[in-house]
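Reader: I have a structure to read and some questions about its features. Can we go through them in turn?

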Number of protein chains: 2
Amino acid sequence: MRARVLIRPKQGILDPQGEAVQRALPALGFSGVANVRVGRLVELDIEEAEQLAPMCDKLLANPLVEDYEVQLLDGSG
Amino acid sequence: MRARVLIRPKQGILDPQGEAVQRALPALGFSGVANVRVGRLVELDIEEAEQLAPMCDKLLANPLVEDYEVQLLDGSG
């Protein structure tokens with residue numbers, strides 16, 4: 001099945017990429033944007049979905065500074 | 001409102017991060033994983049949702065090599 005993992009900086013952890021995006025937007029003419037957080041997106045085909053959590057802990061995310069969320073997509077992904 | 005942007009390497013575009021993850025998994029004891037793609041996740045509060053597409057084209061994604069998908073989340077996001 002196709003799975004998606006959303007990886008975000010933990011609440012309270014500095015997010016330099018998010019800050020950079022937020023500061024760049026007004027110069028490009030965009031206003032009314034706040035609380036920008038930039039993280040990673042991993043999508044993969046996996047046979048056993050229960051492997052996803054240990055996989056995130058060991059490789060995909062850094063549990064010290066990142067939270068992750070797993071979404072199972074339908075087979076066609 | 002809270003919005004989420006999923007940014008992925010386009011189909012057919014080389015994804016070195018995805019390849020690296022896919023190769024690292026067997027060494028960590030994970031099997032049955034294929035078609036790993038690594039992209040970026042941007043979440044933000046925005047007042048006018050119609051600004052999201054031009055924002056992606058101009059700043060968040062590189063339209064030459066990346067596709068993006070916008071998801072509007074509920075206010076509590």
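Reader: Is B:Cys56 buried or exposed?

Author: The model is predicted. Buried means under 20% relative accessible area. B:Cys56 has 0% relative accessibility, so B:Cys56 counts as buried. A:Cys56 also sits at 0% relative accessibility and therefore counts as buried.

Reader: How many disulfides does the structure hold?

Author: Zero, over all chains.

Reader: How should I read the relation between two chains?

Author: Two copies of a chain are related by a rotation about an axis and a shift along it.

Reader: Through which surface do the copies meet?

Author: The same one, because 100% of the interface residues of chain A are also interface residues in chain B.

Reader: Now strand β1 of chain A. How many of its residues are buried?

Author: Eight of eight, over residues 2–9. A:Arg2, A:Arg4, A:Leu6 and A:Arg8 point one way. A:Ala3, A:Val5, A:Ile7 and A:Pro9 point the other way. Both sets are buried.

Reader: Which strands pair with β1(A)?

Author: β2(A), residues 33–46, pairs antiparallel over six bridges. There, A:Arg4 has A:Glu43 as its bridge partner. β3(A), residues 66–72, also runs antiparallel to β1(A), with seven bridges. A:Ala3 stands opposite A:Leu72 in β3(A).

Definitions and conventions:
Residues are numbered from 1 along each chain as its sequence is written. Chains are lettered from A and ligands numbered from 1 in the order in which they are written. This is a predicted model: local features need pLDDT of at least 70, side-chain atom pairs count only at pLDDT 80 or more; totals for chains, interfaces and linings use all residues. Side-chain values use heavy atoms; hydrogens and water are left out. Buried means under 20% relative accessible area, exposed over 50%, partly exposed in between (1.4 Å probe, protein chains only). Helices (H or I, at least four residues) and strands (E, at least two) are DSSP runs, numbered from the N terminus. Two strands pair if DSSP finds at least two bridges between them. A disulfide is a pair of cysteine sulfur atoms within 2.5 Å. Contact means heavy atoms within 4.5 Å.
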